[in-house]
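Subject: Structure handover

Hello,

My notes on it follow below.

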Amino acid sequence: MLRTFDTFNISLLDQSLFAPNSNVTGGGIPGISHIVNVGFPKCGSTSLYSFFQGAYGVNASKHQICGAKEGVCGICMKKAVNKNLPPLTTCGNHTKSINQMDYDKPKCVFPQMSYLQEIYDDDPTVTFILPFRPVKDWIKSVTKWNDMRQRLTKCNLPGLPSGRGKKDNELVYWYGQHVQNIRKFVDNHPGMALVEFSIYNPLAGKYLERVFPDKLVKAKYW
């Protein structure tokens with residue numbers, strides 16, 4: 001079990017939290033309705049965006065911006081939830097896949113952490129897709145990408161309170177905690193599906209083609 005920031009020891013973390021499950025979990029069918037990336041920024045969201053554009057068309061795959069009217073996906077979802085409106089219907093009703101919801105400037109919102117229940121209530125057959133990369137590589141990427149790491153440490157996000165994230169082990173914990181939370185949520189909500197994969201896997205495209213039954217989803221788009 002994961003511990004608090006102040007007491008956990010990295011060596012005690014379950015290593016399965018840092019590697020994808022090779023099997024689709026949940027009771028749902030991948031891609032039967034909305035597909036939502038619940039992974040971290042700098043973890044394959046742009047590649048997923050292009051992949052699902054190839055499968056479903058330019059207008060059916062979104063990345064950060066959900067539409068001219070909707071604007072930034074995460075901000076739109078936050079406004080919807082605050083008004084007790086369904087986030088997917090409000091912000092991506094005509095969208096097949098949302099490949100990056102989180103937004104960390106100037107206001108921070110991570111729907112994949114804060115609005116899981118609202119997303120599920122809106123679409124009980126939603127597919128969550130969770131891309132992985134080695135956590136050390138992910139930390140390097142976050143650190144090098146403009147001032148993303150500094151922004152994240154100021155965000156006050158679930159599992160990453162304001163001021164945390166300056167130390168690598170704090171980001172490792174956050175990463176593992178999020179994976180644990182996503183898996184637990186899917187286990188407790190039948191009807192949805194969770195697809196996990198490594199963006200470093202040279203056969204990632206073939207894997208996605210295999211687990212998504214829709215014939216429009218093809219490996220060549222990866």
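A pocket is an open set of points on a 1 Å grid over the protein atoms alone, where a 1.4 Å probe fits, with protein on both sides within 12 Å along at least five of seven lines; lining residues have an atom within 4 Å of a point. This is a predicted model: local features need pLDDT of at least 70, side-chain atom pairs count only at pLDDT 80 or more, and totals for chains, interfaces and linings use all residues. Numbering runs from 1 along each chain as its sequence is written, and side-chain values use heavy atoms, without hydrogens and water.

The pocket

The largest pocket has 18 lining residues. Nearest its centre are Lys42, Gln64, Gln100, Trp145 and Met148. Helix H1 (45–56), strand S6 (103–104) and helix H7 (148–155) each give two or more residues to this lining. Helices (H or I, at least four residues) and strands (E, at least two) are DSSP runs, numbered from the N terminus.

The sheet

Five strands form an open sheet, ordered S2-S5-S1-S8-S9, with parallel pairing. Strands S2 (61–62) and S9 (193–198) are at the edges with a single partner each, so one side of each has no neighbour in the sheet. Pairing needs at least two DSSP bridges between two strands. S2 and S5 (residues 97–98) pair over two bridges. Serine 61 is opposite serine 97 in S5.

Valine 217

Valine 217 sits in the segment after helix H9 (204–211).

Regards
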